[in-house]
Amino acid sequence: MLITTENLVKKYTMGESEIRALDGVSVSIAEGEMTAVVGASGSGKSTLMNMLGCLDRPDSGEYFLNGENVSRLPKDRLAGIRNRYIGFIFQSFNLLPRMSALENVELPMQYAGKKDARGVAERALEIVGLAGRMRHEPGKMSGGERQRVAVARALVNDPALILADEPTGNLDSKTGEEIMSLLESLNAQGRTIVIVTHDADIAARCGRSIRMKDGRVVS
Amino acid sequence: MLFLTIIKVALKSLVANKLRSFLAMLGIIIGVGSVIAMLSIGAGAQKDIMNRISMMGTNLLSIRPMQSAERGVSTGSSRQNLTLEDAEAIVERVDSIDAVSPVASSNAQLKYFNKNTRASVIGCAVTYPYIGNFEVEHGRFFRESEEESMARVVVLGSETASELGISGKQLGERIQIRGISFEVVGIMKEKGGAGRFSQDDSALVPYSVAMRILFGMDYLSNIDVRAVDGADLTEVETDIATLLRSRHKISDPENDDFRVFNQADIIQTATEVTDTFTMLLGGIAAISLLVGGIGIMNIMLVTVTERTKEIGIRKAIGARDRDILKQFLIESLIMSGVGGALGAAAGIATSEIISSASTFSTSVSPGSVALALAFSAAVGVFFGYYPAARAARLDPIDCLYYE
Ligand SMILES: Nc1ncnc2c1ncn2[C@@H]1O[C@H](COP(=O)(O)OP(=O)(O)OP(=O)(O)O)[C@@H](O)[C@H]1O
Ligand SMILES: [Mg+2]
């Protein structure tokens, strides 16, 4: 298993009340799977994704990534894991302004200390179909193009796991479709992908769906 | 992450907010500029003194009155315990003496027709130019006979002469010193040095005239002594001190009412004075650097808040806390560094302007530029650290969902 979680709990306290964003989540995802996470708004999908992406640490429970228990690693180790094993794609693209597409895509490699970041970034942008837009800044690109830059950025360090939190949420159906087929082709090459979505069609295209409700996995 | 990339990113974000970055740097620019300008004034003054001293020769001694039982340096003029007889006794009783000149000096107003100037009027003996290595350029120095007859004759320093509009052609003309008429018999050759450290802004008269007619003083400001070449100066110093002690009936050297200065003492005194001056000016300037640092800190805190989302994105793709720290630290370092460089240019320009527009001579030392730059870099790191550390500690999730 690439991912195994045992009883993950994440609590938020807002004044008096306590919200259990994750309330004992145990899931397993095998290498090469394409998994959808679905559920109502506020059910804890994003919280789970952040946990799986090592952006957040659980209050209790264990998370094994590729066999290693990462639930209580120090911050710097988690940063290294995010950098090398995980690629993120967000609903709101999250590209850096004032930097060209190329520079955005180079960034993960720079934190990894890799040489020839330029060449790899160019190839990644070609793969997502942006060969002609490399020098553009995100501000001058369409939403679909921006999300493709984000996909390219998620790819460059050759991660084992790609996490996409509503990657098509800000796109029209046609561009959303393009991003989906891009992710499908990445999965076809053997990459493990987890997609949070509200779109039943997209969920149906994934090999498997995890349904969440009130911080629990219901199916 | 590559150092060069960080610098590029930092420069980009500074350029993106040109006006704001400039305003943040302004404090540093002013601070560094004033440090360099101030230090250049101090260094210029010091250079002047050194030039003057080295021109006077090395076997010169100067005896100045001191308040008894008081240590350290005094200005001397208010003390009334060195007399003409002391000067005569030194000539007669101390070995290895080449020449002695009593000196009675004070500032006075000089007038030539409608031109006025203030000069240091030095009453001295005919030996004075020889002792101090001064030369007469036009005319002559006053004579021993004039000294004895208390002739009202004056030899002008080059600067005094030009301020009164007197050149070699006006020798023999009469000027007024404190309302008393003097014949100009000569003009001294320019010795260099500027401002208050110059000898060129003086007027030399016979000591007898200075003491009895001009200033009405029966004591001396100092006694200048030139030892013969190759004399053991320490021995001469001791002999003079012993002689004066017996003349002044002092048994304990602690109670000396005079002090014998040699060149080393004079240099040290001058250095102490200019060092104090320099430290004072430098201190004021350093405070403005500090204020500049606070300006940078302020802007960096704003920058960090504005770029919270960027911090979240960078952390999500693998930036460690220390990568973020480094990035913001370099950004503030660049800001203070660029500010420092601009300030150095401004300081050098200011020092040029000061030296050409006033009597201060200035000297920008590479050391002071290096010091100011190092200081501004330190300010950048010191005041940039807190905002950068704050950025580094931020939680990636909080940053990513920050609106
Ligand atoms: N930083 C936070 N502080 C307090 N509560 C939070 C925080 N982040 C999430 N929550 C709460 O945790 C619960 C789960 O949130 P989460 O973002 O995981 O939902 P979601 O399933 O992704 O919803 P959506 O589909 O709207 O994106 C929600 O009730 C939310 O209010
Ligand atoms: Mg969500």
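In which strand of chain B does Ser105(B) lie? Ser105(B) is part of strand 2, which covers residues 97-112 of chain B. The model described here is predicted.

**Ser105(B) and its surroundings**

Ser105(B) has a relative accessibility of 24%, so this residue counts as partly exposed. The cut-off for buried is under 20%. When neighbours within four places in sequence are left aside, Ser105(B) is in contact with Val121(B), Ile122(B), Gly123(B), Phe215(B), Met217(B) and Ser221(B). Asn222(B) is 117 residues away from Ser105(B) in sequence, yet the C-alpha atoms of the two are 8.6 Å apart in space.

**Chain B as a whole**

Chain B contains 13 helices and 10 strands. Its C-alpha trace spans about 100 × 55 × 35 Å along the principal axes. The radius of gyration of chain B is 31 Å, whereas a compact globule of 403 residues would have a value near 22 Å. Among contacts in chain B with a separation of 6 or more, 78% are between residues 24 or more positions apart. The table lists some further values for the chain.

| Property of chain B | Value |
|---|---|
| Buried residues | 51% of 403 residues |
| Positive side chains | 37 side chains |
| Negative side chains | 44 side chains |
| Distance between the centres of the two charge sets | 11 Å |

**Helix 10 of chain B**

Helix 10 of chain B runs over residues 308-316 and is mostly covered, with eight of its nine residues buried. The buried residues include the charged-type names Glu310(B), Arg314(B) and Lys315(B). Thr308(B), Ile311(B), Gly312(B), Ile313(B) and Ala316(B) are also buried. After helix 10 comes Gly318(B), which has a positive phi, near 120°.

**Thr197(A) in chain A**

Is Thr197(A) of chain A buried or exposed? Thr197(A) is buried, because its relative accessible area is 5% and the cut-off for buried is under 20%. Thr197(A) sits in the loop that joins strand 9 (192-196) to helix 7 (200-205) of chain A. Its side chain reaches the backbone nitrogen of Asp199(A) at 2.9 Å. Beyond the neighbours within four places in sequence, Thr197(A) is in contact with Ala36(A), Val37(A), Val38(A), Ile202(A) and Ala203(A). Of these, Ile202(A) and Ala203(A) fall within the numbering of helix 7 (200-205).

Technical notes. Residues are numbered from 1 along each chain as its sequence is written. Chains are lettered from A and ligands numbered from 1 in the order in which they are written. This is a predicted model: local features need pLDDT of at least 70, side-chain atom pairs count only at pLDDT 80 or more; totals for chains, interfaces and linings use all residues. Side-chain values use heavy atoms; hydrogens and water are left out. Helices (H or I, at least four residues) and strands (E, at least two) are DSSP runs, numbered from the N terminus. Buried means under 20% relative accessible area, exposed over 50%, partly exposed in between (1.4 Å probe, protein chains only). A polar contact is a pair of N or O atoms within 3.5 Å; within protein, one must be able to donate a hydrogen and the other to accept it, and residues adjacent in sequence count only if both atoms are side-chain atoms. Contact means heavy atoms within 4.5 Å. The radius of gyration is taken over C-alpha atoms; the globule rule is 2.2 Å times the number of residues to the power 0.38. The place of a charge is taken as NZ of Lys, CZ of Arg, CG of Asp or CD of Glu.
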